[in-house]
Amino acid sequence: MFTLAFSFRGAIARSASAVVAAMAASQVQLHAQTAPAGAPQDLTGLGQVSVSIDGVPDPVFAAEEAKYPGDVTSFDTWRGFSHQGKRVITLALPKTADVVSVSVRALQDFPLGIYFPRYVEFQFESNGKWYSAGREASAYPLSTRNVMAQTFTWSSQTGVEASAVRIIVPVDVWVFLDGFDVKGFLNVNGAPASKLTPVASNPDKPLGPLLPTAPNAYGIRNMLLVETGANGSLGTWSDQDFVPMLAYVNDSGQITAPLFDTILFLPYGSVPTTQAGLSAYLQDLFSPGKQLSALNEAVGYVNQVLHRPGYKERVVLSLPYFAYGQTTFGTIGGSTVTFAGSPADPDALAARETAETWYLQQLLDDWNRAGFSHLQLVGLYWNEEQFRETMPGEAAYVAFASQLAAAHHLPLFWIPFYGAAGIPDWKSLGFSAAWIQPNFVEQGSQAYLARMVNAAQTAAQYGMGVEVELTGISQQDQALYDSSLAQLSAYGFGTNQASHAYYDGSKLLLTSAKSTGQARVAYDTTASFIAGWPFVAVHNAWFAAPLCAGALCLPWPVQAAAATALAKGQASFSSIRVSVGTSTLSVPTLLQGTQTDIALWDLMQVLNQIGFSASWSKGQFVISAPVSVPVNDAPGPAGKGGAEVVIDGQVVERVPTAIATPPGASSPEVFLPLSNAEEILARLGIQTTFNGNQLDLDTSAVPQPLPNNEVAVWNVLAAFASDLGLPSAPAGSSAYTDLSAASPAWGVVQAAIREGWYQPPTPTSSGAFQPITWGEAAQILWNALGISMQDAAYQPGGSPTAWASAIGLVPENWDPASNMTAQELDTLASNLHECLQGDVETAANTWRLWYPPADEYQATLQSGGGQPLFASTADAQAAISATYQFFNQLVVTQSGQHWFLTLPSVPSGYGFATLSALGGLSYQTKPGGAWISAPSVDTRDVSVPKQGRLTVTIPPDGLMITWNQMMPSLGGTVALGALDVSPGVSGPSVQRVNIASPNLPPPITSSVASLHVQQ
């Protein structure tokens, strides 16, 4: 795999200096101290310029970057930037100014690895908010070989009024900048920055790790990279070689548990990427008795031992990368294929696509002929560890490879090295999944833990898995390997928390598996990491040392207190047994008087084994549950000191902690009181029993998680209860075999049953942890809102699912019969919350109103006797639907202390609106038009121009708006809905006013009424 190196840095310094000297000789000074009359003023010299990183900082890249510290506002020296994501260059102005131009210059020196940024984005600050004026893309391809510079510029004749200006510059490898310049006027008002596009407060929200259960992981939990095609015996795998990779073989030779579930075959780097070289590689890969054939035999053998008939090992095969410039590939279809480019194919794109198509066809033909009974091909691996954006035609070439794989119904995977270009864009490049190489252990004595932290953060930011890397099996190598595994677990990338790829050089794990003593530790450690439990033989070797390393260490006073207690003989070490089902683990404890503290590391491993995700990060004990598994994340009493306990993103309590080094361990470990640990476990539905020597964990109340991020019945009930304010039922006994009263879901499920929201499938089965379809959730929502099924025909849409779509709670394309996912439930719950409050913010100081739902027969169309208003339920439903449509188009805006309500265009017909307020109100019919005062407004009496809109002022005490329908048959009108709208603290205050209309018939029986039984 790739080893990070920076051998070209000195060359950059010499070349950059030469380029600067040449350019500076003919460059006029950028920042003049005085400006000609009427000309824009230099603002750069008046304000303060700062540079920050929008990405993951890295000490190695930062040290390289520090060698080029030029002034980014000057043309005298270049300022160099290396990797680490985007750079944000900000000019804070002393006062608001009218900015008319912003520019910065960039250098391209291809041979030295200095490239133009792909774009520069220009942003402006006003009233504490940032707004974007857009991006200027590079005018030249990054493959340009000439040494040259270009200027990225934004300008405007009217200017933008701003208190600060910044540019956003992506840095994929090296970017060199100078000449950052801002011009404008200090005493002139420009266009408001708010007219530009608002910048999202958190545009790059982390996606989280690539979960093993994620659809794009294709079931890959632990994937071993196997290199073949060269290097003699190191590149030749027999069935006996594969057995200890497929299953853990203990030092007595017994096969005890599965190990790697996926094998990725790739050629050694010495295999030529020519037609002859790849043909030889394929012949070796599919030869009888070795490689794939040997793997197939080994899987069959392990299946017999582990009693898992029918199991198939996942296999990933490689797609070669053909670099631009290679002279001759071979002959395909009678034509010579070269990658050097030609007048007809300047980027050699067609040639490379032809070679890629040829190779994949050979590969799949060989695979299909082999007919392996114990293997399944789950994807292809792109055998290039970076996105070479600076190579001609690269984006189109990678996109073709992705499309080629997809044409054969196969995903394309990628494992880029740390800091490689393209990592943030791996999805848009066409890859189905990606794993980042931390390149930590390769650094040897120069390795630093921050690299592992940064790699984990990068993977979490972009939804990637992580590669586990082993480069040796000596004691020094093992120490680095242990640290890397512990860091992954501490940062949420442990077993069941993320998908992993494994690189072990050439058969290092196999060598370790066949060894004894120190050389055996790497294999045992890997097996323990995959299993989620520390093996006793290697427990001290990776005894949670990273929990107190660097940024992960608890504050010094906590360490000092623990050290003092031990020094005075007030504390001692012991151990207890922790039992989960049939498994038992010995866990270190710290005894302080009558208090027993348990090792946090081991507690995390227990939780990870059960199916939770537990990690330690910067003084926080972080626990996450699968979405369909309930937890109690209600905040407890506020405490001081200690560590924060975070459950599903919610800080629930603080617990005291101590740090001490157990006997035989080389590093300290974090401990917390056993009583606090039991409280935390209870929040997860895990009941505990402690007899002084053994802690028994009862996980019977923890349900099995649902697949594909699906939610369960209890999730829906909890979401609706939160939006509608339903309190949980008090503690009690459960009548259901599948729902313990100890479950965190008990309270909300029992409350929903008692309120009639939800009917369990049987008297003894709650069904709380079963998947739920959108149609079933819609019916529960109707029950919760008190909408009777016998009144279904009087609701918009006429059925629960159609109703939710009609009033805007869900998209129209949702399938009522499909199981709901967490994302869908989030959408529904968020929309329901905004609908119930009556508005949703659509822009700064702008809200669209949302008519809160109710049973329209009871709230609006209730019988009052007299002459019927509607001939059928279909007419009544149409009238109510029009009511919702009208109210859902109302818009409220705020300007300073003034509030306005804008009405939609009301087509001529039977519907009209009335507005009234104490003391009257004012209205206008087009922007900039005259304001007209009136005691009330009737839209039938107001003439609105074709391009105009009726806007009404909202008095401090609010106004009432009704939607009405004319009833010619009765010689009058009827109100079908009303809202009370008034100014609020952080938005409008909206209240629905129910109208029990008189002169309505009893419920009408018609063909439309039968719609209420449809889901």
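**Reading helix α10 and its packing**

Q: How closely do the axes of α10 and α12 approach, and at what angle do they cross?
A: Axes are lines fitted to C-alpha atoms, for helices over the stretch in contact, with angles from 0 to 180 degrees between N-to-C directions. Those of α10 and α12 come within 11 Å and cross at roughly 5 degrees. The two helices are therefore roughly parallel to each other (angles under 35 degrees). The model is predicted: local features need pLDDT of at least 70 and side-chain atom pairs 80 or more, while totals for chains, interfaces and linings use all residues. Numbering starts from 1 along each chain as its sequence is written, and side-chain values use heavy atoms, leaving out hydrogens and water.

Q: Which residues make the contact?
A: Contact means heavy atoms within 4.5 Å. Helix α10 supplies Q478, Y481, D482, L485, L488 and S489, and α12 supplies V521, A522, T525, T526 and F529.

Q: What is the extent of α10?
A: Helices are DSSP runs (H or I, at least four residues). Helix α10 covers residues 475–490, 16 residues, and reaches 22 Å from its first C-alpha to its last. Just after α10, G492 has a positive phi of about 80 degrees.

Q: Which residues of α10 are buried, and what covers them?
A: Buried means under 20% relative accessible area (1.4 Å probe, protein chains only). In α10 the buried residues include L480, S484, A486, Q487 and A490. Their cover includes α9 (449–462), α12 (521–531), and α14 (600–610).

Q: What does F265 touch?
A: Leaving out residues up to four places away in sequence, F265 touches residues including V226, F242, Y281, L292 and L317.

Key. The expected span of a helix is 1.5 Å times one less than its number of residues. Buried means under 20% relative accessible area, exposed over 50%, partly exposed in between (1.4 Å probe, protein chains only). Angles under 35 degrees count as roughly parallel, over 145 as roughly antiparallel, 65 to 115 as roughly perpendicular and the rest as oblique.
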